[in-house]
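I opened the notebook to look up a few side-chain contacts and surface charges. Here is what I went through, in the order I did it.

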Amino acid sequence: SPPAKASETTDNGAVITINYSQPSVKGRTIGKDLEPMEGKVWRTGANKATVFEVSKDVKVEGKALPAGKYGLFTIVNGDEWTIIFNKTADQWGAFSYKEADDALRVKVKGDKAKDFSEKMTFAVDKKGKVSLMWGDKQVDFKVK
């Protein structure tokens with residue numbers, strides 16, 4: 001699971017940076033042989049927890065998130081994804097994750113991706129749309 005980084009300066013001047021490790025599907029089934037597992041907290045990547053950083057105060061899906069570094073976790077329930085920004089950015093996997101340290105949680109709908117992503121990939125665009133592509137899944141959330 002090689003290290004990867006997605007970074008973009010949005011139209012409103014906020015720099016969004018995501019540092020993560022890219023697991024590969026390798027013929028396995030997501031949700032069965034491979035995370036995320038239904039209803040369980042996932043580190044949203046591999047190895048160390050994914051780090052989501054914003055250079056200034058922003059709103060994620062309309063909810064306030066102060067500038068800083070966060071551990072990015074997710075929970076999938078059917079097509080609903082809970083995106084979690086945890087105050088502990090530097091942690092291994094989700095093993096030491098504590099809900100009490102969450103700075104923000106938002107819920108978004110997941111979609112079927114246009115293209116299959118063998119490696120889990122994040123993308124950020126100028127308008128602040130953050131996309132997670134993994135297997136046949138795509139999850140987007142807005143940062144303004």
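Entry 1: I started with K107, which counts as exposed because its relative accessibility is 55% and the cut-off for exposed is over 50%. This is a predicted model, so I keep in mind that side-chain atom pairs count only at pLDDT 80 or more. I then looked for a partner and found that the side chains of K107 and E80 meet in a salt bridge, 3.7 Å from N to O. K107 sits in strand β8 and E80 in strand β7 (residues 80–86), so I noted a link between distant parts of the chain, 27 residues apart. E80 itself counts as partly exposed, at 25% relative accessibility.

Entry 2: Is D102 buried or exposed? I found D102 buried, because its relative accessible area is 15% and buried means under 20%. The side chain of D102 meets that of R105 in a salt bridge, at 2.8 Å from N to O. R105 counts as partly exposed, at 28% relative accessibility.

**Entry 3: the positive patch.** I turned to the surface charges. K114, K127, K129, K142 and K144 gather there in a patch of positive charge. I picked out K142, one of the patch members, and placed K142 in strand β9 (residues 129–142). K142 is partly exposed, with a relative accessible area of 48%.

**Entry 4: aromatic pairs.** How many aromatic pairs does a search of the whole structure find? I got 6. I looked at F52 and F85, which form an edge-to-face pair with 5.0 Å centre to centre and 70° between the planes. F52 lies in strand β3 (residues 50–54) and F85 in strand β7, so the pair ties together parts that are 33 residues apart in sequence. I found both F52 and F85 buried.

F85 came up again with F141: their pair is edge-to-face, at 5.9 Å centre to centre and 80° between the planes. Since F85 is in strand β7 and F141 in strand β9, this pair ties together parts 56 residues apart in sequence. Both F85 and F141 are buried. To finish, I traced the ring pairs and saw that they link F52, Y70, F85 and F141 into a cluster.

How values were computed: Residues numbered from 1 in each chain as written. Heavy atoms only, no water. Patch = residues over 30% accessible without salt bridge, like charges linked within 9 Å, V, L, I, M, F, W, Y side chains within 5 Å. Areas by Shrake-Rupley, 256 points an atom, 1.4 Å probe, with all protein chains shown as cover. Salt bridge = Lys/Arg side-chain N within 4 Å of Asp/Glu carboxyl O. Lys, Arg positive; Asp, Glu negative; His and termini not counted. Charge placed at Lys NZ, Arg CZ, Asp CG, Glu CD. Helix = DSSP H or I, 4+ residues; strand = E, 2+ residues; numbered from the N terminus. Buried < 20%, exposed > 50% of the residue type's maximum accessible area, 1.4 Å probe, protein only. Phe/Tyr/Trp six-rings, centres within 6.5 Å; stacked < 30°, edge-to-face > 60°.
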